[in-house]
Amino acid sequence: TRRYYIDYQEGYNAVELRVAIWRTFLDQTNLWGHTSEEYIQYITPYKGYGHAHNIFVQMIFQYGIVAGIMFVCWMALYLMQALKHLKEHAGSAYGLLPIGVWILVIGFGCVEADWFLGQIPWFLLLFTQLFMIRKEK
């Protein structure tokens, strides 16, 4: 198992700690990602963080720069699709749902790693996309 140590200072607040975690993950980023054995990053030998606390940084670290770019493109395409859906259903809660889910995923994803399929925001993102791409009859 390969371990990466985060540049941690006692007294860091939550924002400073996350920035230190993100910096460590990004410093170790490569083109094709890391194996599960290179996944865990430690602050000290006693307290470790197994994820980047950021959906974009985590994706780039674990799966590589290529997958990270694809992920950012997919999130941008989802946003464009959600805005189109909003315009088509202006004035209804149904029209707001996809953009609301996108904001939830991005907002939570920038301070946590919510990209695991079992988590509710990620499921909602995929589920609402299904309704946006469905053809009206």
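The expected span of a helix is 1.5 Å times one less than its number of residues. Helices here are DSSP runs of H or I with at least four residues, strands are runs of E with at least two, and both are numbered from the N terminus.

This is a predicted model, in which local features need pLDDT of at least 70, side-chain atom pairs count only at pLDDT 80 or more, and totals for chains, interfaces and linings use all residues. Residues are numbered from 1 along each chain as its sequence is written, and side-chain values use heavy atoms, with hydrogens and water left out.

**Confidence**

- pLDDT is the predictor's confidence in each residue, from 0 to 100.
- The mean pLDDT of the protein is 80. Of its residues, 81% reach 70 or more.
- Confidence is highest in helix α3 (residues 65-88), with a mean of 92. It is lowest in strand β2 (residues 41-42), with a mean of 64.
- Where pLDDT is low, the predicted coordinates should not be read in detail.

**Overall build**

- The protein has five helices and three strands.
- Along the sequence, their order is β-α-β-β-α-α-α-α.
- The accessible surface is about 8500 Å² (Shrake-Rupley method, 1.4 Å probe; for residues, only the protein chains shown count as cover). Carbon and sulfur atoms hold 66% of that surface.
- Of the 137 residues, 36% count as buried. Buried means under 20% relative accessible area, exposed means over 50%, and partly exposed lies in between (1.4 Å probe, protein chains only).
- A contact means heavy atoms within 4.5 Å. Among contacts with a separation of 6 or more, 63% join residues 24 or more positions apart.

- The 24 residues of α3 should span 34 Å at 1.5 Å a residue. The end C-alpha atoms of α3 are 35 Å apart, which agrees.
- The buried residues of α3 are Gly68, Phe71, Met75, Tyr78, Ala82 and His85.
- In α4, the buried residues include Pro98, Ile99, Val101, Trp102, Val105 and Ile106. Gly95 and Gly109 are buried in α4 too.
- An α-helix has 3.6 residues a turn, so residues three or four places apart point the same way.

**Nonpolar cores**

- A nonpolar core is a set of buried Ala, Val, Leu, Ile, Met, Phe, Trp, Tyr and Cys residues joined through side-chain atoms within 4.5 Å.
- The largest core has 14 residues. Phe71, Met75, Tyr78, Trp102, Val105 and Leu125 touch the most other members.
- Helices α2 (55-63), α3, α4 and α5 each supply at least two residues of this core.
- The largest share, five residues, comes from α4.
- A second, separate core has nine residues. Ala20, Ala52, Val57 and Phe61 are among them.

- Phe25 lies in helix α1 (residues 14-27). Phe25 is buried, at 0% relative accessibility.
- Phe25 and Val57 are 32 residues apart in sequence. Their C-alpha atoms are 7.0 Å apart in space.
- His53 sits in the loop between β3 (48-49) and α2. His53 counts as buried because its relative accessibility is 8%.
- The phi angle of His53 is near 60°, a positive value in a residue other than glycine.
- Gly64 is in the loop between α2 and α3. Gly64 is buried, at 0% relative accessibility.
- Leaving out residues up to four places away in sequence, Gly64 touches Asn30, Leu31, Trp32, Gly33 and Met59.
- Gly64 and Gln28 are 36 residues apart in sequence, and their C-alpha atoms are 10.0 Å apart.

**Gln129 in α5**

- Gln129 belongs to helix α5 (residues 120-133). Gln129 counts as buried because its relative accessibility is 16%.
- Gln129 touches Trp74, Tyr78 and Gln81, not counting residues up to four places away in sequence.
- Gln129 and Tyr78 are 51 residues apart along the chain. Their C-alpha atoms are separated by 7.4 Å.

**Cysteines**

- A search of the whole structure finds zero disulfides (pairs of cysteine sulfur atoms within 2.5 Å).
- Cys73 is partly exposed, at 42% relative accessible area.
- Cys110 is partly exposed, at 30% relative accessibility.
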